[in-house]
Amino acid sequence: MSEHNKNTLNEEPREQFSTTFGMVMAMIGAAVGLGNVWRFPYMVGLFGGGAFVIVFLGLVALIGVPVMVSEWAIGRHFRRGPLGALKKSGIPGGKLLGWVNFTTIFMATSYYSIIIGWALYYFVTSITGGLTDIHSGDFFNAILGNFGLQFVFTAIVVALVGLTLLLGVKNGIERVAKYTIPLLFVMMLVLFFKTMTLPNAMEGLRFYLVPDFSKINGGVILGALGQAFFTLCLGGTFMVVYGSYMSDKENLGKSALYTVLGDTFAGLFAGLIILPAAFSFGVELSSGPPLTFITVPEIFKAMPGGLVFMGIFFLLLFLAAYLSDIAAYEVLVSSLMDEFNWKRKKSIIFFCIAQLIVGIPSMISLDWMLKNDLLWGTTLQPFGSMVVVIALLWYLPRVKVVEELKKGSNVKIIPDWLFFWMKYVVPAAIAIILFFGVKDLFLEFFI
């Protein structure tokens with residue numbers, strides 16, 4: 001057995017995905033989440049429609065795919081998550097940088113699980129008719145003011161994630177993703193066809209799909225670049241640990257293409273559902289995050305049979321975010337298993353309890369949650385991706401990087417221009433996101 005297929009601390013074989021289909025579904029599951037169903041539609045509305053979509057798709061291809069391949073490559077090469085991979089890469093301060101990535105995902109997951117709990121509660125209330133006689137704004141504010149309710153539904157989410165992870169990579173993560181991702185797309189199709197029956201839906205479709213290139217400016221490009229990282233769950237964590245479970249027979253480039261296509265289609269479908277419906281009911285498209293939890297329920301309530309479709313929508317939102325949460329917890333769990341030789345069950349129980357405790361302030365204060373998201377989600381996750389790309393392309397010998405990238409493919413040579421692009425241009429693009437993220441962070445906390 002090769003050294004790469006062993007966990008060097010306990011000399012046990014590292015579990016791997018069993019099939020290419022299951023692996024790709026797991027990767028799409030990690031990427032598809034709140035970034036697609038929740039954030040993408042309001043970003044399109046905020047930045048002018050089709051022009052933003054075109055810029056976003058271009059940046060996903062030019063920046064998102066190389067970063068995804070880099071994160072998988074370093075994870076597979078070292079058979080470790082971000083902690084072990086960065087430490088072994090030779091990058092100065094690799095151990096510290098690994099802990100920064102670990103802390104980032106630990107803190108981000110603590111409030112992400114709460115939002116998933118909101119989606120689950122909306123689903124339950126939709127199918128029981130509890131949203132019929134109350135305005136969604138009042139309903140949402142009632143949730144924010146009810147600590148006990150948030151704690152219970154967050155605990156349910158955490159327990160479901162823990163149970164999935166206890167089954168392992170093949171029987172847990174891969175199996176859940178294989179059935180859930182196709183179900184997500186079926187539900188999206190159902191909602192899309194329902195939306196297309198609404199009056200004025202085609203007007204919303206034109207806003208979404210017909211670009212007005214005069215609207216493209218620096219803000220649109222920056223917003224699209226940030227969305228590309230958000231929606232693909234890039235941050236030097238999720239994809240690194242999932243990459244460590246990939247077989248050497250897997251083609252990283254082809255797998256990245258499949259994953260990006262699946263993730264992007266999910267985001268585009270979310271827009272096809274929400275934006276035409278918003279046009280139909282005269283809703284302000286740039287209303288931001290409240291679009292999902294306040295505006296969308298009111299849209300569904302105005303439709304014939306809308307409560308059924310509202311239930312489908314929030315089940316879709318819950319499942320998409322739940323799959324991302326599984327990936328986040330797996331980063332944390334595998335790190336303790338790799339670095340401290342903890343057993344899987346012990347690591348899972350520890351983090352389930354720890355996440356519930358650390359999430360309490362975000363259940364009490366929405367302002368605390370939003371500031372945490374600005375720090376850990378918006379700012380430090382792109383930093384993690386930049387560190388991984390630099391560690392792979394700058395500190396591993398080029399021959400080893402090329403060897404890793406060529407595994408599982410028929411490619412004979414990695415062109416110099418592609419190596420240059422990944423080594424210099426991609427980190428520069430991430431640095432731009434970081435600059436504006438740090439600026440926003442400074443303005444939020446100190447001005």
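The request and the answer below concern helices of this predicted model.

User: Which residues of helix α10 meet helix α19, and at what angle do the two axes cross? Please then describe Gln 227 of α10, and the helices α3 and α5.

Analyst: The model is a predicted one. Two packed helices are described by the angle between their axes and by the distance between those axes. Helix α10 covers residues 218–231 and helix α19 covers residues 416–446; their axes come within 10 Å and cross at roughly 105°. An angle of 65 to 115 degrees counts as roughly perpendicular, and therefore α10 is roughly perpendicular to α19.

On the α10 side, the contact is formed by Leu 222, Leu 225, Gly 226 and Phe 229. On the α19 side, their partners are Ala 429, Ile 430, Ile 432, Ile 433 and Phe 436. Of the residues in this contact, eight are nonpolar, one is polar and none is charged.

Gln 227 also lies in α10. Its relative accessible area is 0%, and because buried means under 20%, Gln 227 is classed as buried. Leaving aside residues up to four places away in sequence, Gln 227 touches Gly 35, Arg 39, Phe 40, Met 43, Phe 52 and Phe 56.

Two of these residues, Phe 52 and Phe 56, fall within the range of helix α3, residues 50–78. This helix has 29 residues, and at 1.5 Å a residue it should span 42 Å; the C-alpha atoms at its ends are 41 Å apart, which agrees. Since 23 of its 29 residues are buried, α3 is largely enclosed by the rest of the structure. Just after α3 comes Arg 79, with a positive phi of about 55°.

Helix α5, residues 94–128, can be examined in the same manner. Its 35 residues should span 51 Å at 1.5 Å a residue, and its end C-alpha atoms are 51 Å apart, in agreement with that expectation. A kink of about 30° is centred on Thr 109. In α5, 26 of the 35 residues are buried, so this helix too is largely enclosed by the rest of the structure. Gly 129 follows α5 and has a positive phi, near 80°.

Finally, Met 202 belongs to helix α9, residues 201–209. Met 202 has a relative accessibility of 46% and therefore counts as partly exposed.

Definitions and conventions: Residues numbered from 1 in each chain as written. Predicted model: local features only at pLDDT ≥ 70, side-chain atom pairs only at ≥ 80, totals over all residues. Heavy atoms only, no water. Axes fitted to C-alpha atoms, helices over the stretch in contact; angles between N-to-C directions. Helix = DSSP H or I, 4+ residues; strand = E, 2+ residues; numbered from the N terminus. Parallel < 35°, antiparallel > 145°, perpendicular 65-115°, else oblique. Contact = heavy atoms within 4.5 Å. Nonpolar A, V, L, I, M, F, W, Y, C, P; charged D, E, K, R; others polar. Expected span 1.5 Å × (residues − 1). Bend = angle between axes of the 7 residues up to and from the residue. Buried < 20%, exposed > 50% of the residue type's maximum accessible area, 1.4 Å probe, protein only.
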